[in-house]
Amino acid sequence: MKTASVYDVQHNFSRILSWVAEGETVVIQRRRVPVAKLVPTKKEKTRPKMPDFMARLKKNYGNQVFPDSQMILDELREDRY
């Protein structure tokens, strides 16, 4: 268990938060008297899976090939000049 003063928490919060993220319990002291305790949360056992975007596109559009957008962009740019 690590300890930190109120001053340390105010000025080095990211460092103390990284301790907690690593699983360390941190006791916060004011004038060497413990006033608070930072305890890490329970870690989730499973991360939410990312959706399979390629499978989703293939399901929705199959093997459909879309035309090159460069022709369309060129036509739109011609109208500007």
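Asp 74 and Arg 77 both belong to helix 4, where they sit three residues apart, about one turn of the helix. In this predicted model, these two residues form a salt bridge whose closest N and O atoms are 3.9 Å apart, and the structure holds one salt bridge in total.

- The largest nonpolar core is made up of seven residues, namely Ala 4, Val 9, Ile 16, Trp 19, Val 20, Val 26 and Ile 28.
- Within helix 2, which spans residues 13-21, the residues Ile 16, Trp 19 and Val 20 are buried; because they cover an arc of only 100 degrees around the axis, they lie on the same side of helix 2.
- The exposed residues Ser 14 and Ala 21 are carried by the face of helix 2 that is turned away from its buried side.
- The packing partners of the buried residues of helix 2 are strand 1 (2-5), helix 1 (6-11), strand 2 (26-30) and strand 3 (33-38).
- Ile 16, when its neighbours within four places in sequence are left aside, is in contact with Ala 4, Asp 8, Val 9, Val 26 and Leu 38; among the members of the largest nonpolar core are Ala 4, Val 9 and Val 26, together with Ile 16 itself.
- Gly 23 follows helix 2 and has a positive phi, near 105 degrees.

- Met 54, Leu 57, Tyr 61 and Phe 66 form a nonpolar patch on the surface, and together they have about 470 Å² of accessible area.
- Phe 66, one of the residues of this patch, is placed in the loop between helix 3 (53-61) and helix 4 (70-78).
- Gly 62 follows helix 3, and its phi is positive, near 65 degrees.

**The loop between strand 2 and strand 3**

- Arg 31 is located in the loop between strand 2 and strand 3, and its phi, near 55 degrees, is a positive value in a residue other than glycine.
- Arg 32 is also found in the loop between strand 2 and strand 3, and although this residue is not a glycine, its phi is positive, at about 65 degrees.
- Arg 31 counts as exposed at 79% relative accessibility, and Arg 32 counts as exposed at 77%.

**Met 1, Thr 25 and their surroundings**

- Met 1 lies in the segment before strand 1 and is exposed, with a relative accessible area of 67%.
- Even so, Met 1 touches Glu 24, Thr 25 and Val 27, when residues up to four places away in sequence are not counted.
- The C-alpha atoms of Met 1 and Gly 23 are separated by 9.9 Å, although these residues are 22 residues apart along the chain.
- Thr 25 is found in the loop between helix 2 and strand 2 and is partly exposed, with a relative accessible area of 22%.
- Apart from neighbours within four places in sequence, the contacts of Thr 25 are Met 1, Lys 2, Lys 37, Leu 38, Val 39 and Pro 40.
- For Thr 25 and Lys 2, which are 23 residues apart along the chain, the separation between C-alpha atoms is 6.4 Å.

Technical notes
Residues numbered from 1 in each chain as written. Predicted model: local features only at pLDDT ≥ 70, side-chain atom pairs only at ≥ 80, totals over all residues. Heavy atoms only, no water. Patch = residues over 30% accessible without salt bridge, like charges linked within 9 Å, V, L, I, M, F, W, Y side chains within 5 Å. Areas by Shrake-Rupley, 256 points an atom, 1.4 Å probe, with all protein chains shown as cover. Salt bridge = Lys/Arg side-chain N within 4 Å of Asp/Glu carboxyl O. Helix = DSSP H or I, 4+ residues; strand = E, 2+ residues; numbered from the N terminus. Buried < 20%, exposed > 50% of the residue type's maximum accessible area, 1.4 Å probe, protein only. Arc of directions from axis to C-beta. Contact = heavy atoms within 4.5 Å. Core = buried A, V, L, I, M, F, W, Y, C linked by side-chain atoms within 4.5 Å.
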